[in-house]
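Subject: Structure handover

Hello,

Here is the structure you asked to look at. Please open it next to this email and follow along.

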Amino acid sequence: MLSTTTNLHSWWQPQELTINTCWHYRIGPLHVYVQRQAQQWLLAYEYNTEEKANPRFNNAVNMIPVHLTCQRYLFKQSPAIYQLLPQLLDRPIVVKTFQPVNLPPNEQTTFYISSPVSVRLMLKQPDIVLQDIIVQRLSDTWFGPSTQVGELCYADKSNARHTKAELPQRSYRAITPVTIHNNSSKMLSIDKISVPVPYLSLYALPDGNLWTNPITLKHEELEPLTHFRTGKLSASDAAGATLLSEPMLKSEKHNLFRAFADILTTRRGEHD
């Protein structure tokens, strides 16, 4: 039986729900309602973009609010154990730097970027996936130098930060350390970064925060695409970390990725 709490520290832990009990989760701007009955599970959700997303809670309620449309999942006998499992998104996430920055030749820098996750509602024993729900609504964006060259991504309003301390503590967003190497002989101007989250693993840390493994982006001379590779969590970050999900896509040895939107534009200007 779940215990009522006002601080949802690790909301992804498996829980047991008794028959005819309804539970409400607030995970950032997302409100999720789950209810177990003898032969069915009910699921409903909504967003509240006006409230502050830092507080988190879960609590028992009498019923799912009547204004919400429920998804119904039928069973001969409904499973008792469920889990709200964080998942990284299925497309790259595009974020802006806090201010436009310039990286000189043969220099490197590291940004810390947080991106919202989706919530996978699963029933356990056996595992049954009911639905994936993104925690925060994101808009689509085309990332590339033209409408013919690029790819469809998600646009996030958060900013890339230079230190971990600058990031707000939000357990519904995953933090990715991104190290950028400018291996060209020209200045690299950066105002947007695309983070290939489908290639990353997702970890839960003991403090309740979500992290991915770090990535390295290497910009080479006259190359519109960027070489990237994934790494491992640092010793300090990995202490007590629990793997929640594997990458959706397999990273190849020489992966190329469109990480910076303005490379082609900048280079055209240099040769005009």
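Below is what was found in it.

First, the ground rules. This is a predicted model, in which local features need pLDDT of at least 70, side-chain atom pairs count only at pLDDT 80 or more, and totals for chains, interfaces and linings use all residues. Residues are numbered from 1 along each chain as its sequence is written, and side-chain values use heavy atoms, with hydrogens and water left out.

**The sheet**

Start with the open sheet. Five strands form it, in the order β5-β2-β3-β4-β6, with antiparallel pairing. Strands are DSSP runs of E with at least two residues, numbered from the N terminus. Two of them pair if DSSP finds at least two bridges between them. β5 (57-61) and β6 (71-74) stand at the edges with a single partner strand each, so one side of each has no neighbour in the sheet. Neighbouring strands are turned by 20° against each other on average, direction ignored. The angles are taken between lines fitted to C-alpha atoms, on a scale from 0 to 180 degrees between N-to-C directions.

Now look at β2 (residues 21-27). Five bridges join it to β5. Trp-23 stands opposite Ala-60 in β5.

**Gln-40**

Gln-40 is found in β4 (residues 40-47). Is Gln-40 buried or exposed? Gln-40 is buried, at a relative accessible area of 9%. Buried means under 20%, exposed over 50%, and partly exposed in between (1.4 Å probe, protein chains only).

The Gln-40 side chain makes polar contacts with two side chains: Gln-37 at 2.5 Å and Arg-72 at 3.1 Å. A polar contact is a pair of N or O atoms within 3.5 Å; within protein, one must be able to donate a hydrogen and the other to accept it, and residues adjacent in sequence count only if both atoms are side-chain atoms.

**Cysteines**

A search of the whole structure finds zero disulfides (pairs of cysteine sulfur atoms within 2.5 Å). For Cys-70, the nearest cysteine sulfur is that of Cys-22, 8.2 Å away. Cys-70 is partly exposed at 31%, whereas Cys-153 is buried at 0%.

Most residues other than glycine have a negative phi, and most peptide bonds are trans. Gln-125 has a positive phi, near 60°. A cis peptide bond joins Gln-125 to Pro-126, with omega about 0°. Gln-125 lies in the loop between β10 and β11 and is exposed at 66%. Asn-20 also has a positive phi, about 70°. Asn-20 sits in the loop between β1 (15-16) and β2, and is exposed at 56%.

Best wishes

Technical notes
Helices (H or I, at least four residues) and strands (E, at least two) are DSSP runs, numbered from the N terminus.
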